[in-house]
Each structure stands twice: as C-alpha cells, then as structure tokens.
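Student: I would like to learn how to read local and interface features in a model like this one. Can we go case by case?

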Amino acid sequence: MNPTLPVLKASDFGSDQDVRWCPGCGDYSILAQMKKVLPELGVARENLVFVSGIGCSSRFPYYMNTYGMHSIHGRAPAFASGLKITRPDLTVFVITGDGDALSIGGNHLMHCIRRNVDLNIIMFNNSIYGLTKGQYSPTSPQGHVTKSTPVGSLDFPLSPLSVALGAEATFVARSIDFNTKHLGATLLRAAQHKGTSFVEVFQNCNVFNDGAWSYVTDRGTKDDHTLVLEHGQPMIFGKDRDKGIRLNGLIPEVVNLSDTNVDDLLFHNEQTDSPHVAFTLSRMHHPEYPVPIGVFRSVERPTYEKQVGEQIEAIQASKGVGDLQQLFKSGETWTVSE
Amino acid sequence: MVTSTTGNAEPQPRPMETLPGATVRLAGDSGDGMQLLGTQLTNTSALAGNDVATFPDFPAEIRAPRGTRAGVSGFQVQFASEEIFTPGDGLDSLIAMNPAALITNVSDLKPSGILIVNEDSFTEKDLKLAKLEQNPLATDLIEPYRVIRIPMTSLTRGAVEALGLSTKEADRCRNFFAMGLVFWLYSRSLEPTQRFIEAKFGKKPELAEANRRALQAGWNYGETTEEFASTYQVNPAKLEPGTYRNIMGNQALSWGLLTASQQSGKPLFLGSYPITPASDILHELSKYKNFGVQTFQAEDEIAAICSAIGAAFGGSMGVTTSSGPGIALKMEGLGLAIMMELPMLVIDIQRGGPSTGLPTKTEQSDLLQVIFGRNGESPIPVTAARSPSDCFDVAQEAWEIATRLMTPVMILSDGYIANGAEPWKIPDASSLKPIPVHHPSSDEIDQPFLPYQRDDLLARPWAIPGTPNLMHRIGGLEKEDGTGNVSYDPDNHQHMTNTRAQKVANVAKLIGDAEVDGPETGDLLILSWGGTYGACTTASRQLRAEGSEVAHCHLRWLNPFPANLGEVLRRYNQVVIPELNCGQLRMLIRSRYLVDAIGFNKVKGKPFAVRELVERFRSLLSNPVHQS
C-alpha cells in the first residue's frame, strides 16, 4: 500500500446523498460490502470511478464518495472502456443489473469482456426489472408471471456466467447479496484481477421478485443448495458437508460422500486455460444442482489498455514522437513564390 | 526515360493551345482504376501549380457486376490557372472505358468536348452488359463531340507483351495507358506518376515495368496519332505564396483533429465504427499512434460515442465520427454528454438518406437531425466545413468552442467534401493557435466543490478523476444547479434548461459576425452552408461580373447563428438558400428571423452545378418572387 495514503474506513466512501433504494433491498448489502472492501484496495478515493447504466442498481455511484458517472441504459461498459483506455491509472467499477447488462447492453458487455479492459463489472441479478416496476428480465425463468407477461414469459433465460465465459472472460465469479462475508471477499478478488472481472451477485428485489434466491439465502436450506468454490479444493457441499460433485464424462453429478472417495470428486481449479469446466459449473442450476458461488475462473491475459499503450510506445520508439510540421510536409508538395 | 514500345515513327509537331482551365472526367468500371487515374491527374496538376478541385463519384458496391451501369466509377477534376471553388460543371473531356461509362456520363460533356473511348470494349457483350441495343458509337448520340476511338486494350497488351504477363495482368495496366494519353493531351509531366509507380509497385518489378510502359505507350499514342488537332496547356494559378500540398476532406479533418489535440495538450481518443463515407477518418487517425492518438473501433455506433464520452470524462479529447444512420444511433449518448456538460466532438459526414439511402453520394440532409434529433431540450453548437481544406480549420475551431463552453460540438461535412481534394497551403505549425484547457485542482477550489458552478459564459469546470477532493458524480438525471446533485425540483429544471440553452447561445459571442461576399445591400442574397460553398461562390461572382447586385453569405455555424445574421438578411430584397436537401436551413431561417427566404433544393446525390445555380438566381433577379 502506498504509505502516503491516509487510512480510509468504510464510512469515508459514503457520499452526502440519501440512499433511495426500497427498504429491505439487497442493494444496501452490496453497497455496504463495497465500502468495506475499498479500503483494502489501497486506492485513493480520487482514483476510483464508478460507472453505471440505468436501473435500480445503477444509482450506486451517487452513494459513493468517489468519481462517478450514472450513464445511459446498457452502455456503462462502453463509457468505462473509453475512460480506462485513456486513464489506465484509475480503478474503474461498472455497476449494472441483469436488464441493463444482458438485455439492452448485451452487445457492450460481450465486447468489453473479450477485449479484457481492466474493469470490475458487478452485475446485480434480481431477475426482474425493478425501476420500471416489475417486467420480466433476461434472467427471469420461463413462465414467469409479470406485468408484461400475465400468462407467463416465453423467453428462455440466459445464464450470465455462461455468457461471460462465452465472451472469453478472464475473471468470472458469483456471490449473494446476503452472504456478506463471501460477497466482500469476491468483490476484493474481482478488484484485484487485472482484466475484465465479471461478478454476478444474486440480489433480492423484495418488491417485485421477493424470494427469487431464497433457496440460497434461507438459513435452513442454503447450505444444501450452494456449492462454495475454493481453488484447489474438492467440491463438497451440504449442511453436513456430506455431498460432493463428480464428473461423469462431461456431466457433473451429485454424489454422497458416504459411498464416494473425496479424491474422485471434481477439484476446483480457477486457473486452467480451458474454460470448459468453468462453463460446466455455470450450467449448474437449482434444483438439479447446488448453485456454485465463488470464483469460477481467474486467468491472466494482457489487458486491452496495456496493449494500446504498448503499441503507442513501440511506434514512438521506432518512428519518433509525431511532429506536425513533418506530417504536413509529407508526400508531394510544391511552392508558389511571390 | 522509358523508350517507346509502340514502335511508331517520329512524333508530329502539334499546336499547343493555352486554356484558363479544364474539366476532365474519367469513367470506367469500379475495378478499372479510375480513382487512381483521377488522383494522379489531380496531384500532377497541383504540382504543376494549377488550382484543382475534384469530385470522385463511385458506387456503393465494391465490385458491382462488370460492365454494368451500376458498376461505373467516375472521377472528375477541374484544374485551372485561376482560383476555382468547384470541380467544374460541363466536361471539356470525358474518358469512357466502356459503353456503360459512356452512356451514364456523356450528357455532361460540353458540345465539341473531347470524348475518348476504349474502342476494344464496345463488343456485343459489352453493349449487352450496359443494356444497350445499339452501339452508341454508331448513333448520333455522339454527334456533338470530338470522338477519339482508341483500341486501348490491344494497345496496352502490345505495350507490355514482352514482359510475359497474363492477359488479366496486362489489362490491369489499361488505366495507365489512358493516363499517359490524358497527360499528353494536357501537357502534364509523367514524372510524378513514374515516381508513384516506383513507390507502389517497386516490390513487383515486372508490374512496375508494365505500368511504366503502358503509361508511356499512352503518351506516345497521343504524339503519333493524328486524331488530336492540338494539345492543351493550363498555366499555374496565382495562388498565395507558400508551400502547398493536395489534401482531401477527411484527411484535412483528421489532421485538424490531430492539431487541435496538440494545441490543447489533450490526448486524442477516437471512438468510431466503420461507415461510409466517414471511415477514412478512422483509417487516417489510426496511422498517428506516434502522436499518442488512440483509435478505438467500437462494437457499434453507440459504444463509439459512449467510449468517447468516457474519455472526455477522464480529461481526453473525445471524438466520434460517423454518417447519418450512425449519428441517429448516437443521439441518446449525445444527450447524456449535453446533460453532463462534457466537451467532445461528434462528426457527421453526411450522405444521401433516409435509412441506408445513398451511402457513397452526397447530401446535406442531416442538418435538422443534428440540431434537433434528441429527446428533451438539448441544444448543441453545430458547425459545417465548406471545402476539403477548410476541414482542417473547422476541427480546431470546434474543439476550441467545445472546451471553452464545456459542451459537445457537432461538425458537419459531407461525402463531396470528404472525398474531394484541393490544394492546401501548409501552415507553419509553430504559429498555430493554442487552445487553452484548464482542469481545476483542489487548491484553487473552495469546498464543497460545485461541479456545476459556472463562469461568465456559463461553462462549468472540467474537473477530472484523479484530482483529490474534487470527487463528484455526473449523469443523465437532471442536476441541481451548482452541486450537480440529482434534482426533480420544477424551478430547477426550468432554470437548468434555460442555462444550457443560454450557454450554447453564448457561442455566438465567440464566432464573430456573418460576412458577405459582394455588395452590402442589393437584389439578392445567396445564403449557403457546408459543401455548397464553392458552387455558390462561383455563381455569385459570375453574376456580379455580369453586373447583378448579388451577394453571398456562407454560414460556418448553424447553431447558434452569427449575432448579426438577422440584420444581414434584411438588407437584401430577396434571400435564396440553395441546399442539397428539401429546405432544412430555410426552415430554421424562416422560423428564427421571419424572413421569407426562397429555397433552391436538390437531392440527386450530386453537388450543385454552377450553371444550375446561375440559372435559378438569374430567374429570381428578373422575376422576383418577393417584390420589396
């Protein structure tokens, strides 16, 4: 950590604006964890920028005492890319939701991820459009009854992490709004990754889609429905840690540890080059499987903005720094005398 | 010097006629190399000291079916010993490489003009491809012209025979044969083209040699044939002293942006998505990484502008370039830049619309789109370039306004300016105007920091991330005056709407008055904007030379208008507004000044011809629509 930096507390990151999410919204928890994690990054407040799109989650920047931009629907990754490419010295977060990132902004999300711009994209997934008062979203289950789908939605839902992995993501993770310790640790990992980090946070909208994630948040059931991924560790889950995940061919299966050797379980490796196992994990949905949370994939690839800088440096080293007069006079010229 | 390969005897002495200028059009298949031929003729004429102006005209298809009318690609150039403002109207000579090129262009050739055709490509098959039942060379269509039939294909093959090229390769040299002939006809030097051949084909010596031989063979053919009564000469123009180069519109715009970036000390970030006819700016600026330029080919038009806005937030010179359809997609982003009051440039190289329209043809029909085409009350300054070289200045002025007033600025150009070329007097880089830009630091700002506190012209401070103690949040929701916090207060919204409008209106304090070319009062004022500048200037000067009381006012800023414009308009009995649209500036002028301006409008994908303007203005002078 830079020794000249003052030691910051979570409260130093709050702005003077009143937080206006609905009481009980999962967003409060994410905001609190973000404020708690930022001091650990050792980045001065003025070097932090939060960029958001449109939606409930996208009000986030107003509540942070950092630089911030509340932009337009779906485009936050594009604004953030332009900012990060020109200002690699800044630490840039993108705050988005399932509608913002995957519906209207799907194109930008995909391209930002494949370029590997060093952004931390935190997608609050509540499987509903909250700010427009309750229409189904790209992650709503088929058959979801909402104001715009009174007899059930027909759209097949997207798996956000499958989308990110399909777009060649170098860092993919998932956490849960009310699992505060895990959420904080996941946000920290995302911020520390060099390259685009994509984090899906299961977030409860207690007004329009209450309980969408109750199977992973209810005290009684959450341990049986959640698989906490830990690098290098076998995939064991359950309240009594008596179940595991094994690969049968290419298909994962739930096994009982009473009749299965731990060594036969799938061991999590977030650093493999191939995204295949991470993709398989991203396809594990409730209720067939416990839902994996944690870091699915974390691999190294040069960031976009670093390569932009390197191209410029290499050309300046070989051709010299550009000179306007030389440029103007390049090619064929002629002189008219008095 | 390459020796003659045509094997002809001593050249015949020929009389040489001196002309004030000439307009030549080269027309052939889009794969025939007509654009190359035209560029070479332009550069060579410019190097000979002529004033030049060009009009490349090509199809949207990369290779439309060979020999068809749709596939005809043309390049028109006027070179002159006097100052010119347009690529010319009527053609003095037309080179037609096939029947389709002949039939689609011959009506622009002046009576007694020279028509040079490649006789080898007038076979039954060629005629059928051009949908012609009769060979036009056998009809009275060509009666008014001096027709010179040359078997260019066979002569070119003969010229390169010894080099052992395939027929296909040999035929590709045909444009150099035509070039040699045109250069002979207008007494142009072969040297610049020989240098070009060396630079372009130097790595393939047999192709370089073939093109050199074809070029020389064309020249030699002119010298030996008896079909031409004389050759022509166009003396150097009396241009202002200085060193010149030829420059195309999109190139000048790119260099203007680069210069603005250097003069303001702000790194240039271009977010762009490929679109005709704007892509050349992306290509051009991508070459200047050694100047620190960052070009970003975004995933779409929206990401292109949004990334530029992100760069602007960070303190860079954010620029996005496009054409009409792409500009439509950028409008929501532009609204955000207006709301956040960040400086940036949006560049619209207009083309024929609506929708995909005529991608490679020119039009001025985006004016109302760029002025009004956003939700809410969302004014921005709008400026328009008038000629290829003017793009260099416009880019710098626009950036100066954008940074002084903290606002996005729209620059309009069009396909005609973008691809046209003219001589450009090379400026002394050290004497270019600096563009001062200031980012506040926390030392000079009283806390709490007010990101929407305004200066005398209503600009807010450009505080950038990384500056301690000036952290603030901006966005699309309405801002409270001063603090920039979200506000839904009714009076605040009224106040902020008025303030944003007044800020843009304040641009008029920086841009100077509208100037008039011609008498201070009179019978007719021609009011123009953008790429019609050249044709309107030429037409008004011609009419004044005939003794008419005609003046010309060209608008560089379309929003806001110069402060004195209303007064200028009232000094003339009639105001006519020629536009390549259906009357967009006219609508603005009439609503703003209640002046009953007359329109002269055309949307044919082509620029105005001087003669059609002169005709219309003459008729207004003799039969006024409005009596004073």
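Student: Where is B:Met406 placed in chain B?

Tutor: B:Met406 is in the loop between α14 (390–405) and β15 (408–414) of chain B. Helices (H or I, at least four residues) and strands (E, at least two) are DSSP runs, numbered from the N terminus. This is a predicted model: local features need pLDDT of at least 70, side-chain atom pairs count only at pLDDT 80 or more, and totals for chains, interfaces and linings use all residues. Residues are numbered from 1 along each chain as its sequence is written, chains are lettered from A and ligands numbered from 1 in the order in which they are written, and side-chain values use heavy atoms, with hydrogens and water left out.

Student: What is the phi of B:Met406?

Tutor: First the general idea. Most residues other than glycine have a negative phi, and most peptide bonds are trans. B:Met406 has a positive phi, near 50 degrees. B:Met406 is buried at 3% relative accessibility. Buried means under 20% relative accessible area, exposed over 50%, partly exposed in between (1.4 Å probe, protein chains only). In chain A, A:Arg241 also has a positive phi, about 45 degrees. A:Arg241 sits in the loop between β10 (236–237) and β11 (243–248) and is partly exposed at 49%.

Student: Which residues does a cis peptide bond join in chain B?

Tutor: One such bond joins B:Thr276 and B:Pro277, with omega about 0 degrees. B:Pro277 is in the loop between β10 (268–272) and α10 (279–286) of chain B. Another joins B:Gln447 and B:Pro448, with omega about -5 degrees. B:Pro448 is in the loop between β16 (421–425) and β17 (473–475) of chain B.

Student: Which residue does B:Arg157 pair with?

Tutor: B:Arg157 forms a salt bridge with B:Asp171, with the closest N and O atoms 2.8 Å apart. B:Arg157 is partly exposed at 37%. B:Asp171 is buried at 17%. There is also a network of salt bridges linking B:Asp29, B:Asp32, B:Arg66 and B:Arg174.

Student: How much area do chain A and chain B bury between them?

Tutor: The size of an interface is often given as the accessible area lost when the parts come together. Buried area here is the accessible area (1.4 Å probe) that two parts lose on being put together, summed over both. Chain A and chain B bury about 5400 Å², 62% of it on carbon and sulfur atoms. A:Tyr67, A:Phe328 and A:Trp334 lose the most area on the chain A side, together 17% of what that side buries. Contact means heavy atoms within 4.5 Å. By that rule, 58 residues of chain A are in contact with 71 residues of chain B.

Student: How many salt bridges are counted between chain A and chain B?

Tutor: The count is two. One of them joins A:Arg115 and B:Glu299 at 2.9 Å, N to O.

Technical notes: A salt bridge is a side-chain nitrogen of Lys or Arg within 4 Å of a carboxyl oxygen of Asp or Glu.
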